[in-house]
Amino acid sequence: MQELDLIVLFRLALKNWKTIAIWCGSFVLVGLVVVLTTPRVYKSTALLAPEQVAVSEEGDAIYPEIYPDIVGSTDFLFKLLSVEVRTKDGRVNTDYKDYLLNHTKHSLLYRLTQKDDAPSNSALDDDANHPLTLSRKDEALLEQLRTSITCTWEKRTGVVSLNVIDQDPMVAAIIANHVTTQLQEVIFEYRTRKARIDLEYAQQIYNEDELAYKQAQAEYAAFTDAYGRATLESYRIRQQSLARTTDLHFQSFSNSRIKLQDAKMKLQENTPTFYPFQQASVSSKPAGRSRKLMMVVWLCLGLFCGVGFVMVRNYFQR
């Protein structure tokens, strides 16, 4: 293969500068349309430091490695659609789903490639609490959230970063902070599930034993007040029987009280702790590459294609 002579290539480009200029101008024009029709986006980040947990006997530990999977799950994202949001200028105040569907802009490329979807009859349109059946439009909406809402975990520092990208900086900050709160709630529900069930059962037993003890105590007191001075043997036997019953209920009540305290301590031990050392803030600068840089990229792309076209045409002409 012959080596490319740069001088010859430079002369060829000068000779066909009009053709190359047309290519560059065309790409700049396309790039200008794409850049101007692409809405600007803003990024908001919240930082969360979860506790380092060990595997418990119940195996209910949940590690930060799977936090991104939790945030990207359908159930997690579905709950975000009902969050109340507002734009920075205060003109829009609605739920997140309505905001995404009716108050956001789409780029020209997105509108050209997006297929029309039939009207949705899914459960999502009628019930915002149960993601049972999703239409293609609903699935596309959740897929959009998976792109704009990301969660990363830095293994070295143990910090969880929750990032939200949106066309409005206020909405991005609201959703980022809500994602932080919702993630903590999910981890709490999972980590304390068994402990909460045990606590509920211990509380029920405690209430029953307390009621039984108070009833036995009241019965013993009433009998003593009424027949405390009676000398008949049958009365004394009855009084001793009531006293023993009261003591048994007291022992059972004392044991259930200890078990209730243990259940509360177990719940406290399993309750995860988080340190949200950076709340999401409203960004003042758009995220992503600047429009000037994008225009330079389109210009370079047009130059590359123009020179390539000239070279190919010159090759076939020879």
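Apart from its neighbours within four places in sequence, Trp-298 is in contact (heavy atoms within 4.5 Å) with Phe-27, Val-30, Gly-31 and Val-34. Trp-298 belongs to helix H12 (residues 291-317); helices (H or I, at least four residues) and strands (E, at least two) are DSSP runs, numbered from the N terminus. Between Trp-298 and Cys-24 lie 8.1 Å in space, C-alpha to C-alpha, although the two are 274 residues apart in sequence.

A word on the basis of these values is in order. The model is predicted, so local features need pLDDT of at least 70 and side-chain atom pairs count only at pLDDT 80 or more, while totals for chains, interfaces and linings use all residues. Residues are numbered from 1 along each chain as its sequence is written, and side-chain values use heavy atoms, with hydrogens and water left out.

Turning to the sheet, four strands form an open arrangement in the order E4-E5-E1-E6, with antiparallel pairing (two strands pair if DSSP finds at least two bridges between them). Strands E4 (149-154) and E6 (274-278) are at the edges with a single partner strand each, so one side of each has no neighbour in the sheet. On average, neighbouring strands are turned by 25° against each other, direction ignored. Three bridges join strand E1 (residues 42-50) to E6 in the antiparallel sense, and Pro-50 stands opposite Phe-274 in E6.

Two helices accompany these strands. Helix H8 (residues 136-148) lies across E4 and strand E5 (159-166), at about 35° to E4; axes are lines fitted to C-alpha atoms, for helices over the stretch in contact, and angles run from 0 to 180 degrees between N-to-C directions. Helix H9 (residues 169-191) packs on the sheet and touches E1, E4, E5 and E6, its direction making about 25° with that of E1.
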